[in-house]
Amino acid sequence: MQGKTVVITGATSGIGQVAAESLAAMGARIVQVARSRERGDAAMKRLRDIAPTVAHSIHYADLSRISEMKRVASEIAAAEARVDVLINNAGAMFSSRQVTADGLERTFALNHLSYFVLTQGLKERLIASAPARVVNTASDAHEPAKLDFDDLQSEKVYARKSIGQWFRYGGPGFYVYGRSKLCNILFTRELARQLAGTGVTANSLHPGFVATRFGDETGGLMSFSIGIAKRFALSPQQGAETLIFLASSPDVARITGEYFHKCRPATPSKEALNDANAQRLWLETAKLVGLPN
Ligand SMILES: NC(=O)c1ccc[n+]([C@@H]2O[C@H](COP(=O)([O-])OP(=O)(O)OC[C@H]3O[C@@H](n4cnc5c(N)ncnc54)[C@H](OP(=O)(O)O)[C@@H]3O)[C@@H](O)[C@H]2O)c1
């Protein structure tokens, strides 16, 4: 990774933090996007301790707001002549339906739209730096989810007062999270298709169930249940393995459009393999964020 520039979101904590630090230890220069000055400063200090002579950098943005996603993408594109690896990793789950100031459901905005906007904003830099890679953190939580193009903001999901929903999916918040992770896989597959022949690969991954700060922000009973389950979860070091592998290993230099788990290609749900939905999601997303498709 010597001489490579890695742009990463969600590196102030959890698997993103471990990945950024491991890639920095391999020689990469890290450009991170964070929302909290305090955690961002602490993350930068750790990176400088690992590689004191490398000019790691940081940009601040709330990645659930479209204007912030766009601003930070253009700031990075202006500052960086090359981007060798883009890791879209920032994400969260919310137990109740929250709406951003853009009028969008917050899980969808943060977990899906930020991946799209950042990637589109840095696409030219990635292509100019080819061979380059995009790595998107998804989850096996996508498995029960289905896309509903009439309800991308999940109003109907939260309005459904079904006890069966709790038994089948662990509640609307978990289902909506799973749907955003389904979007990650569909987005990755469509991105890989569009980037074919450019030398830029795109892959997604499931990190496993990992004891990070994930779930702390979720709220309600879900935060409590996740807190208990985390006692049996993987460590952030174990959870980051596939992320680091996809960002750095020569073994996957030419592999694109795949979904990985445990550093091996895995088969996602049937919904995640629906190419027509992937293309439609791309078009709907571009429209929602106001970018050309
Ligand atoms: N943990 C698991 O079991 C698990 C399983 C499958 C997939 N995942 C996925 O793995 C990824 C990383 O999660 P993690 O487990 O490492 O959790 P984490 O420790 O909570 O880390 C989440 C990261 O995302 C950042 N973030 C959250 N909201 C943001 C916002 N509005 N704007 C900018 N940054 C924001 C956080 O920043 P702050 O430091 O400011 O909070 C943090 O750096 C997520 O995409 C998650 O869906 C996790």
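C263 is partly exposed in this predicted model, with a relative accessible area of 25%. C263 is located in the loop that runs between strand 7 (259–261) and strand 8 (264–266). Its backbone has a positive phi of about 65°, although C263 is not a glycine.

A positive phi is also found at S154, again a residue that is not a glycine, with a value of about 55°. S154 belongs to the loop between strand 5 and helix 5 (155–159). The class follows from the area, because a residue counts as buried under 20%.

A further backbone feature occurs at P131. The peptide bond that joins A130 and P131 is cis, with an omega of about 5°. P131 is part of the loop between helix 4 and strand 5 (132–137).

The ligand is surrounded by 31 residues, and the closest of these are T12, S13, R39, Y177 and T212. Sorted by class, this shell contains 13 nonpolar, 13 polar and five charged residues. Three helices each supply at least two residues of the shell: helix 1 (14–25), helix 4 (106–128) and helix 7 (172–195). The space that the ligand takes up is the largest pocket.

For R35, a polar side-chain atom is 2.9 Å from an oxygen atom of the ligand. In the side chain of D62, an N or O atom lies 2.9 Å from a nitrogen atom of the ligand. L63 takes part through its backbone, where an N or O atom is 2.9 Å from a nitrogen atom of the ligand. Taken alone, the ligand exposes 890 Å², and the protein buries 97% of that area.

Three further residues were examined for their position and for their separation from another residue of the chain. R71 is in helix 3 (residues 66–79). With a relative accessible area of 31%, R71 is partly exposed. R71 and Y158 are 87 residues apart along the chain, and their C-alpha atoms are separated by 31 Å.

F214 is placed in the loop between strand 6 (200–206) and helix 8 (220–229). Its relative accessibility is 24%, so F214 counts as partly exposed. Along the chain, F214 and A92 are 122 residues apart, while the distance between their C-alpha atoms is 6.5 Å.

R125 is found in helix 4, one of the helices that supply residues to the shell around the ligand. R125 counts as partly exposed because its relative accessibility is 24%. Between R125 and A78 there are 9.6 Å in space, C-alpha to C-alpha, and the two residues are 47 residues apart in sequence.

Note on methods:
Residues are numbered from 1 along each chain as its sequence is written. This is a predicted model: local features need pLDDT of at least 70, side-chain atom pairs count only at pLDDT 80 or more; totals for chains, interfaces and linings use all residues. Side-chain values use heavy atoms; hydrogens and water are left out. A residue is near a molecule or strand if one of its heavy atoms lies within 4 Å of it. A polar contact is a pair of N or O atoms within 3.5 Å; within protein, one must be able to donate a hydrogen and the other to accept it, and residues adjacent in sequence count only if both atoms are side-chain atoms. Accessible areas come from the Shrake-Rupley method with a 1.4 Å probe; for residues, only the protein chains shown count as cover. On a 1 Å grid over the protein atoms alone, a cavity is a set of points where a 1.4 Å probe fits but cannot get out, and a pocket is an open set with protein on both sides within 12 Å along at least five of seven lines; lining residues have an atom within 4 Å of a point. A molecule sits in a cavity or pocket if more than half of its atoms lie within 2 Å of its grid points. Helices (H or I, at least four residues) and strands (E, at least two) are DSSP runs, numbered from the N terminus. Ala, Val, Leu, Ile, Met, Phe, Trp, Tyr, Cys and Pro count as nonpolar, Asp, Glu, Lys and Arg as charged, and the others, Gly among them, as polar. Buried means under 20% relative accessible area, exposed over 50%, partly exposed in between (1.4 Å probe, protein chains only).
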